[in-house]
Amino acid sequence: MTDLISAPDIPWPWAFPGRQDRIHYFPRTGSTMDDARRLADRGCPHMTVVIAGVQTKGRGRMDRTWASDDGGLYFTMVIKPEGVVRPAEAVKFNFMASLALAETIREECRVDARVKWPNDLMVEGRKLSGMLSEMEAPDGVIDYVNIGIGLNVNNDPPAIDPPPVSLRSLTGRSFSRIRILGLFLDRFEALLQNRPDFAAVMTGWKKYAGSLNREVTIVTLRETLHGFAEDVDGQGALVLRLADGTRRTVCCGDCFYG
Ligand code: BTN
């Protein structure tokens, strides 16, 4: 399939049958997280998706920037849960999204994509994709959760340490970002509609987990911890066994192998 994201003269939202009215594409924008927040605050529908060709202010987790050159896939989904969903439950959507992305990439691109806590995708121990989520929950009830994903597809990821990978650098082939995104959105939405509980999501996620049952180093904004990653608990926190045998749960941070 032609990579329509590279061809702005084509009415490309029509490449997503059934989603046309909820797809917003910007050839160049600051951050799809900011665009999605603006749309969500104006009452856009559930599963509105903002896609960027290039981001000039791409944001990563823990106050980092996310390099967003042409060739990568950069998008944010606006999720509006039905009924009363508490902020503590939002983490389930992140794990659902990383599970759906891992399955999409494994099937479509035939690479051994593994999930790394909390929500990165790794191949051969190198980062392929990252995820950022933000939510709005006035009065303790979620109004929306925005999940932003950056996937290295046909771009050259930045030369940082440890060096990331792209689908092209792994396989020597180029991939249609439109096709990957369409397959991912269908898979993610089907998972959402099944309304699995957190345990069921984690059973699926753990099948592809590369960051459990191994030594890891966790870097949070306050400290660095080294230990054995035993599990992810019911709140999505990493359960770490430290060298002195004590257990620590870590709710957010960066995870490095070794
Ligand atoms: C990370 O691993 O640090 C998370 C990276 C998330 C990047 C995506 S790209 C689409 C969306 N827009 C942003 O500015 N960030 C997210």
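This is a predicted model: local features need pLDDT of at least 70, side-chain atom pairs count only at pLDDT 80 or more; totals for chains, interfaces and linings use all residues.
Colleague: In which sense do E8 and strand E12 pair, and over how many bridges?

Modeller: Two strands pair if DSSP finds at least two bridges between them; strands are DSSP runs of E with at least two residues, and helices are runs of H or I with at least four, numbered from the N terminus. Here E8 and strand E12 (residues 254-257) pair in the antiparallel sense over 4 bridges. Residues are numbered from 1 along each chain as its sequence is written, and side-chain values use heavy atoms, with hydrogens and water left out.

Colleague: Which strand does a hairpin join to E8, and through how many residues?

Modeller: The hairpin joins E8 to E9 through 4 residues. Strand E8 (residues 214-219) and strand E9 (residues 224-232) run antiparallel, joined by 6 bridges. Val219 has Thr224 of E9 as its bridge partner.

Colleague: How many helices and strands does the protein have?

Modeller: The protein has 5 helices and 12 strands.

Colleague: What percentage of the residues count as buried?

Modeller: Buried means under 20% relative accessible area, exposed over 50%, and partly exposed in between, with a 1.4 Å probe and protein chains only. By this rule, 53% of the 258 residues are buried.

Colleague: What share of contacts joins residues at least 24 apart?

Modeller: Contact means heavy atoms within 4.5 Å. Among contacts between residues at least 6 apart in sequence, 64% join residues at least 24 apart.
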